[in-house]
Amino acid sequence: MNMQRGEYEIEVRTHALEQSLERQIPWELVKATIYRGKFDSFGKHGVKIWKEFNIGRITCVGFREGYMLKIVTITINRW
């Protein structure tokens with residue numbers, strides 16, 4: 001699944017999609033997190049995109065390769 005945000009093309013890996021289904025995270029909230037969430041960088045290439053919703057905080061974790069962000073895991077911290 002590919003998306004675009006600013007100068008970055010975002011690729012969501014199959015493993016991340018499976019995790020979101022397993023954790024019962026609605027896909028609309030994952031998309032909203034990617035498009036409107038806050039970026040936090042860690043390490044040399046690591047990226048976290050997070051956003052808070054009524055049900056909890058959704059975090060997408062991935063890494064940067066040039067102008068591409070690859071999301072490898074999606075988590076939720078429920079309230």
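## Salt bridges, rings and sheet

At 12% relative accessibility, Lys70 counts as buried, where buried means under 20% relative accessible area, exposed over 50% and partly exposed in between (1.4 Å probe, protein chains only). This is a predicted model: local features need pLDDT of at least 70, side-chain atom pairs count only at pLDDT 80 or more, and totals for chains, interfaces and linings use all residues. Residues are numbered from 1 along each chain as its sequence is written, and side-chain values use heavy atoms, with hydrogens and water left out.

Lys70 has a charged partner, Glu65, in a salt bridge. The term stands for a side-chain nitrogen of Lys or Arg within 4 Å of a carboxyl oxygen of Asp or Glu. The count by this rule is three salt bridges.

| Salt bridge | N to O distance |
|---|---|
| Lys70 and Glu65 | 3.1 Å |
| Glu11 and Arg13 | 3.0 Å |
| Arg57 and Glu52 | 3.2 Å |

Glu65 is partly exposed, at 43%. Arg57 is partly exposed at 29%. Arg13 is partly exposed at 30%.

Two lysines sit over rings. The rule asks for NZ of Lys or CZ of Arg within 6 Å of the ring centre and within 35 degrees of the ring normal. The charged end of Lys48 is 5.9 Å from the ring centre of Phe42. Lys51 lies over the face of Phe53, 5.6 Å from the ring centre.

Rings of Phe, Tyr and Trp (its six-membered ring) pair if their centres lie within 6.5 Å; planes under 30 degrees apart count as stacked, over 60 as edge-to-face and the rest as tilted. The ring centres of Tyr8 and Tyr67 are 6.5 Å apart and the planes are at 45 degrees, so the pair is tilted. Tyr8 belongs to strand β2 and Tyr67 to the loop between β5 and β6, so the pair ties together parts 59 residues apart in sequence. Tyr67 is exposed, at 59% relative accessible area.

Now the fold. Helices (H or I, at least four residues) and strands (E, at least two) are DSSP runs, numbered from the N terminus. Strands pair if DSSP finds at least two bridges between them. Six strands form an open sheet with mixed pairing, in the order β1-β2-β6-β5-β4-β3. Its edge strands are β1 (2-5) and β3 (38-42), each pairing on one side only. Strands β5 (residues 56-65) and β6 (residues 68-78) pair in the antiparallel sense over 10 bridges. Thr59 has Thr75 in β6 as its bridge partner.

In helix α2, the buried residues are Val30, Ala32, Thr33 and Ile34.
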